[in-house]
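Please open the model in your viewer and keep the selection tool at hand, since this tour moves from strands to aromatic rings and then to pockets.

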Amino acid sequence: MKLSQFKFKLPEEQVALYPPHRLFKNEDGTEERVYQRDRCKLMVVHRKSQKIDLWQKDFEGNDTQEPLIFRNIIDYFNEGDTFVFNDTAVFPARLYGTKEKTDAKIEVFLLRELNEELRLWDVLVEPARKIRIGNKLFFDGDGPMVAEVIDNTTSRGRTLRFLYDCPHDEFKRELFELGSAPLPRYIVDRRPTDADDMENFQTIFARHEGAVTAPSSGLHFSRELMKMMEIRGFNNAFVTLHCSLGAFDPIEVEDLTKHKMNSEQVIISAEACRIVNQAKQAGNKVCVVGVSTARATESSVGTDGMLKEFDGWTNKFIFPPYEFGLGNALITNFYHPESTMMMLTAAFGGYELVFEAYELALKNNFMFGCYGDAMLILDD
């Protein structure tokens, strides 16, 4: 397929800057948000019957005027069905420092630690043109955190050596205290991060640190919803894909077969394989939660349709046409035009049907992006 086939006009006001919430005004005129993870709007797409659900049903099965919300997702599954989640944990990757001598403000985005002992990190810097090998960056004002640029890796990429002499655990704690939630640029360019973002931009089941952006479809699951799912007899399996910024890289080729994704680390345990494969063998639904989870599972599914243990890296880029080997249901968000996340969604649900769903989302004021509304695609 071609890049231009994934273009559409997304109004700025339909890009979510905050998670689903209720807004209260205090007596002093200030505003307070009460966040509700599982209260975003939900669209349900049936890829075989080509039906799309937007509204809750009454007792007679007729549409009401009440939109579906994410919590209604449990009504589309049965006992024994299995959900596959990405349990990567986001760390506070965005830091701000100053350059020596000039005091120019520099944004440093931590990507991954290269060497614990030497305190080496792979980072992105902005503005990159001001940062050269040998420059020193100072963080936290007069505090002790200093980094030296020791290599240029890409036009914006640098290798930093942090000059901080202490045990590694203490160093990382101090470093992360300087950072903020790594929200996408389409959010931070329109509002500052706040104290709630580090919690809101983390799934409730995050366990393994290593992501610099959230597996956003997993953000919709609240503790209350997970308990309801447990009561109904649903099963959960957890895999790990440490989400990088690769999914946000602009595609610069019209022919999608020529686009290369950045590699991301994937770990799939024997326990996850056992849970998922038992569900498949029993004929139950296997619902893949999010495009990062789909990339992980599709990188490790066998020709027999069973999930295999995996510990390595994947740069799998999924776009239509593509035959999925594992899941028969997918939970995803509504994403920006020409994004790799939208392309994977179209590969799973079918290009024409997913575009119809996106048109309905735009018409019915669904919110887009990592803090936006959700889509469930079913194989019925």
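Two strands are said to pair if DSSP finds at least two bridges between them. With that in mind, and remembering that this is a predicted model, start by selecting strand E18, residues 286–289. On one side of E18 are Val 286 and Val 288, on the other Cys 287 and Val 289, and all of these are buried, so that both faces of the strand are covered.

Strand E7 (residues 82–86) runs parallel to E18 and is joined to it by three bridges, with Phe 83 standing opposite Cys 287. Strand E20 (residues 329–333) is likewise parallel to E18 and joined to it by three bridges, and here Cys 287 stands opposite Ala 329.

For contrast, move to strand E12, residues 136–139, where Leu 137 and Phe 139 make up a covered face while Lys 136 and Phe 138 make up an uncovered one. Strand E9 (residues 94–99) pairs with E12 in the antiparallel sense over three bridges, and Leu 137 is the bridge partner of Lys 99. Strand E13 (residues 146–152) also pairs with E12 in the antiparallel sense, again over three bridges, and there the partner of Leu 137 is Ala 147.

Next, display the aromatic side chains; a search of the whole structure finds 28 aromatic pairs. Select Tyr 164 and Phe 171, whose ring centres are 6.0 Å apart and whose planes meet at 45°, so the pair is tilted. Is Tyr 164 buried or exposed? Its relative accessible area is 14%, and because buried means under 20%, Tyr 164 counts as buried. Phe 171, at 0% relative accessibility, is buried as well.

Then select Phe 324 and Phe 348, an edge-to-face pair with 4.9 Å from centre to centre and 75° between the planes. This pair links distant parts of the chain, as Phe 324 lies in the loop between strand E19 (310–314) and E20, whereas Phe 348 belongs to helix H7 (residues 340–349), 24 residues apart. Both Phe 324 and Phe 348 are buried.

The largest pocket holds about 1300 Å³ of space, and of the 50 residues that line it, the closest to its centre are Leu 111, Ser 244, Leu 245, Gly 246 and Asn 262. Elements giving two or more residues to this lining include strand E10 (105–115), helix H1 (168–178) and H7, and E10 gives the most, with five residues. The lining of the largest pocket divides into 22 nonpolar, 16 polar and twelve charged residues.

The second largest pocket has a volume of about 350 Å³. It is lined by 15 residues, and those nearest its centre are Tyr 35, Arg 37, Glu 199, Ser 222 and Arg 223. Helix H3 (197–200) and helix H4 (223–231) are the elements that give two or more residues to this lining, which by class has two nonpolar, five polar and eight charged residues.

Methods
Residues are numbered from 1 along each chain as its sequence is written. This is a predicted model: local features need pLDDT of at least 70, side-chain atom pairs count only at pLDDT 80 or more; totals for chains, interfaces and linings use all residues. Side-chain values use heavy atoms; hydrogens and water are left out. Buried means under 20% relative accessible area, exposed over 50%, partly exposed in between (1.4 Å probe, protein chains only). Helices (H or I, at least four residues) and strands (E, at least two) are DSSP runs, numbered from the N terminus. Rings of Phe, Tyr and Trp (its six-membered ring) pair if their centres lie within 6.5 Å; planes under 30 degrees apart count as stacked, over 60 as edge-to-face and the rest as tilted. On a 1 Å grid over the protein atoms alone, a cavity is a set of points where a 1.4 Å probe fits but cannot get out, and a pocket is an open set with protein on both sides within 12 Å along at least five of seven lines; lining residues have an atom within 4 Å of a point. Grid points are joined across faces, edges and corners, and a volume is the space filled by probe spheres set on the points. Ala, Val, Leu, Ile, Met, Phe, Trp, Tyr, Cys and Pro count as nonpolar, Asp, Glu, Lys and Arg as charged, and the others, Gly among them, as polar.
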